[in-house]
Amino acid sequence: MVNTIKAIEREIQKTPDKLILYEHFFECIKILAKTDKDLAYKYNAAFRKYLKKALRIFRDKLALSKIDFLRKESYHIEAVDKFDSYLIFVEWNREPNKKFYLPRRKVLKVLVDDLQDLSDHVIDFLGISLPPRVGKSTLCIFFMTWMMGKKPHIANVMSGHSDKLTSGFYEEILNIITDHNTYLWHEVFPTVKLADKSAKDESVDLESKKRFSTLTCRSIEGTLTGAVEIGEGGVLYSDDLVEDLEESLNPDRLQSKYDAYLNQLKDRKKDTALELMVGTRWNVLDPLGRIQDQYADNPRYRFRVIPALDENDESNFQYDYGLGFSTEYY
């Protein structure tokens with residue numbers, strides 16, 4: 001199959017205006033993926049480069065439509081395994097300026113790679129420190145929908161500083177999974193069904209209703225002990241455990257949050273459960289800062305920090321379509 005792919009590549013280089021060659025190329029990638037995904041994905045990356053060039057060659061609307069379909073399917077074939085491809089594919093139907101990921105990809109791709117390593121168990125813990133409102137919560141919500149689809153029988157937990165915050169998590173997760181017109185989650189995981197949901201408990205069950213749901217959203221100050229569990233290979237996602245600057249300046253409140261994290265969240269993790277902690281850093285003694293101090297030398301723990309301004313005092317978060325924040329703003 002590899003020899004066939006290489007032969008097709010040579011033909012595309014000689015006659016790039018033959019649509020049938022691109023179709024044959026992708027059929028070979030799909031066949032190869034059944035026996036060697038890594039190699040298939042390597043050729044798939046090259047295939048997308050040819051498709052990008054083809055968009056400048058073809059003028060016929062039907063041909064361009066087929067090229068666009070091949071581009072879409074090239075991400076589809078990888079979406080279960082590659083988080084970057086999942087993000088691109090799941091928003092395929094959205095208008096370019098309405099998409100979350102692609103306008104922000106040039107900045108957030110490093111976090112996507114970190115999240116890929118977390119999913120692949122290259123690391124056990126990922127801490128992400130970014131300024132407010134730059135997309136870190138939304139990105140990680142997409143990550144949770146991906147992990148839930150991959151492992152629908154495994155329990156996961158999302159926690160934050162308040163019920164209002166976790167209620168937002170629940171609603172966004174449910175929206176991505178159930179809004180088939182906006183998102184293509186159901187095409188990535190066509191056999192995974194929504195079995196149950198509860199706005200009261202902020203829980204989502206996939207495949208079947210379980211003692212510990214596929215996802216439970218619960219605030220750090222809510223009832224956690226005995227009510228939640230993070231299963232083997234599941235994810236404990238903590239987002240902004242400290243609400244704001246005012247709370248971060250109260251030593252007793254900080255200690256209380258850290259104790260609650262240890263005794264009500266971390267204590268609910270089973271073996272091989274993963275951990276994702278995200279936040280805007282208000283104080284070096286917040287839970288994320290304390291964990292970083294403790295595990296700074298542990299290669300299984302990774303801490304990703306992107307400040308508002310780069311080394312030249314320019315904004316790190318100026319996205320496409322006028323999204324994000326300017327240097328002047330910061």
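Q: Which residue lies over the face of Phe 212?
A: Arg 211 does, at 4.4 Å from the ring centre. To count, NZ of Lys or CZ of Arg must be within 6 Å of the ring centre and within 35 degrees of the ring normal. This is a predicted model, where local features need pLDDT of at least 70, side-chain atom pairs count only at pLDDT 80 or more, and totals for chains, interfaces and linings use all residues. Residues are numbered from 1 along each chain as its sequence is written, and side-chain values use heavy atoms, leaving out hydrogens and water.

Q: OK, and what sits over the ring of Tyr 75?
A: The charged end of Arg 48, 4.1 Å from the ring's centre.

Q: Switching to rings. How many aromatic pairs are there in the whole structure?
A: A search finds 23. Rings of Phe, Tyr and Trp (its six-membered ring) pair if their centres lie within 6.5 Å; planes under 30 degrees apart are stacked, over 60 edge-to-face, the rest tilted. Tyr 86 and Phe 189 form a tilted pair, 6.3 Å centre to centre with 45 degrees between the planes.

Q: How many residues apart are those two?
A: 103, so the pair links distant parts of the chain.

Q: Is Tyr 86 buried or exposed?
A: Tyr 86 is buried, and Phe 189 is too. Buried means under 20% relative accessible area, exposed over 50%, partly exposed in between (1.4 Å probe, protein chains only).

Q: New topic: how exposed is Glu 11?
A: Partly, because its relative accessible area is 33%.

Q: How far is Glu 11 from Leu 21 in space?
A: 7.5 Å, C-alpha to C-alpha. In sequence, Glu 11 and Leu 21 are 10 residues apart.

Key:
Helix = DSSP H or I, 4+ residues; strand = E, 2+ residues; numbered from the N terminus.
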